[in-house]
Amino acid sequence: MEAFRTKSFIDICSKVKDQLQSTNQDRASPLSPSRSYSRLSDFLLEPPQELVAEMIDNSELHFLLIDYFDGSFEACKICEFLLQRINQTRINYCIIQRIISLTETLPADYSSYTDDQCRIKFRELDSFAKLDNPLSRSSPVQFRLIHDRYRLLLKRLRSKRRKIVRREKLMGLSEKAARLSLVIACAALGFGAIVLAVHTLIGIAAIPAAGMLAFMKKLKCDWLGLKRSKLARLDAQLDAAARGIFILNGDMDTISRLVKRLNDEIEHGKAIAKMCAQSRNRQILEVVVNDFETHESCFREQLEELEEHVYLSFLTINRARRLVIEEIAPGYND
């Protein structure tokens with residue numbers, strides 16, 4: 001992951017951590033009102049959804065582009081939610097870290113523990129077991145629905161692009177035919193001029209007709225050229241959206257797997273903590289605490305891996321949205 005630590009990545013990390021620190025301090029202080037962490041997308045999403053909504057209202061965007069922006073905004077909200085859950089998971093695991101820290105200050109032999117020392121550990125494990133799993137709401141079903149939605153949108157974007165390409169080809173052929181007709185009309189006009197030069201009545205009558213025909217052919221060529229230009233622009237917009245959705249769908253699949261793995265780890269930890277707290281058995285306590293201690297660093301690494309993938313998804317979302325906006329309104333990102 002170190003290779004992905006670009007300036008943009010570091011900037012997003014800093015913004016999120018500053019907000020997290022502020023939120024945690026507010027929660028810890030009884031004198032401070034609880035600050036919502038649900039508006040993280042307001043200052044991370046680029047361009048902001050409000051600006052996109054304004055652009056949609058003031059222009060005739062294709063409905064698939066509107067669906068794309070809605071889908072990318074939904075992905076941003078998912079990332080935002082996961083960052084909340086990751087933060088809460090860290091807060092919850094402070095209990096386990098306290099147990100491990102306490103163990104390091106006590107004798108290695110659990111049989112020499114006092115009853116009070118054991119009660120402290122049992123109480124802490126019981127508290128941990130009763131906490132909700134922060135990642136339990138991120139169910140595989142939800143991610144599957146998201147995956148299906150993005151896959152359908154990608155399919156529709158690609159289908160629309162194929163239709164546009166076919167129309168562009170047909171219009172290209174029509175434009176070539178119109179230009180050929182224009183050449184013929186101009187030739188007829190030239191022939192009329194030659195006839196006029198020899199003072200024939202037919203030549204005088206043919207010149208206006210040939211001129212009008214040439215003018216009509218020119219209008220048709222210009223119209224076809226403009227139409228093709230609009231189609232090419234729409235094709236570029238849909239292509240940027242399709243590429244963004246394709247990458248985003250892959251990111252969501254990766255995040256889904258990481259969430260499931262962490263969710264299983266948390267559920268396992270809660271289960272053994274509950275079993276130990278209920279047993280009040282010193283031998284079981286020793287095994288459970290050793291298990292937490294052994295897997296603590298691995299768990300932290302998995303949590304950090306998920307967090308970094310969420311940050312990368314934010315970058316992917318923003319980069320793709322900027323590319324689509326640039327195709328819609330060239331120069332916007334300057």
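**Aromatic rings, cysteines and a lysine**

Modeller: Y93 has a relative accessibility of 11%, so Y93 counts as buried (buried means under 20% relative accessible area, exposed over 50%, partly exposed in between, with a 1.4 Å probe and protein chains only). This is a predicted model, in which local features need pLDDT of at least 70 and side-chain atom pairs count only at pLDDT 80 or more, while totals for chains, interfaces and linings use all residues. Residues are numbered from 1 along each chain as its sequence is written, and side-chain values use heavy atoms, with hydrogens and water left out.

Colleague: How many aromatic pairs are there?
Modeller: The count is 4 aromatic pairs. Rings of Phe, Tyr and Trp (its six-membered ring) pair if their centres lie within 6.5 Å; planes under 30 degrees apart count as stacked, over 60 as edge-to-face and the rest as tilted.

Colleague: Why is the pair of Y93 and F128 edge-to-face?
Modeller: Because the planes of Y93 and F128 stand at 85°, with the ring centres 5.1 Å apart. The two residues are 35 residues apart: Y93 is in the loop between α4 (63–92) and α5 (94–105), and F128 is in helix α6 (residues 115–130). Helices here (H or I, at least four residues) are DSSP runs, as are strands (E, at least two), numbered from the N terminus.

Colleague: Is F128 buried or exposed?
Modeller: F128 is buried, at 2% relative accessibility.

Colleague: And what about Y93 and F299?
Modeller: That pair is stacked, because the planes lie at 15°, with the centres 4.2 Å apart. F299 sits in helix α9 (residues 282–328), so the pair ties together parts 206 residues apart in sequence. F299 is buried too, at 7% relative accessibility.

Colleague: Which residues do the ring pairs link into a cluster?
Modeller: The cluster holds Y93, F128, F292 and F299.

Colleague: Changing topic: how many disulfides does the structure hold?
Modeller: It holds 0 disulfides, a disulfide being a pair of cysteine sulfur atoms within 2.5 Å. For C276, the nearest cysteine sulfur is that of C118, 9.4 Å away. C276 is buried, at 0% relative accessibility, whereas C298 is partly exposed, at 34%.

Colleague: Where is K121, then?
Modeller: K121 is in helix α6, and K121 counts as buried, with 0% relative accessibility.

Colleague: What is K121 in contact with?
Modeller: Leaving aside neighbours within four places in sequence, its contacts (heavy atoms within 4.5 Å) are I99, L102, T103, L106, Y110, Y113, L285 and V289.
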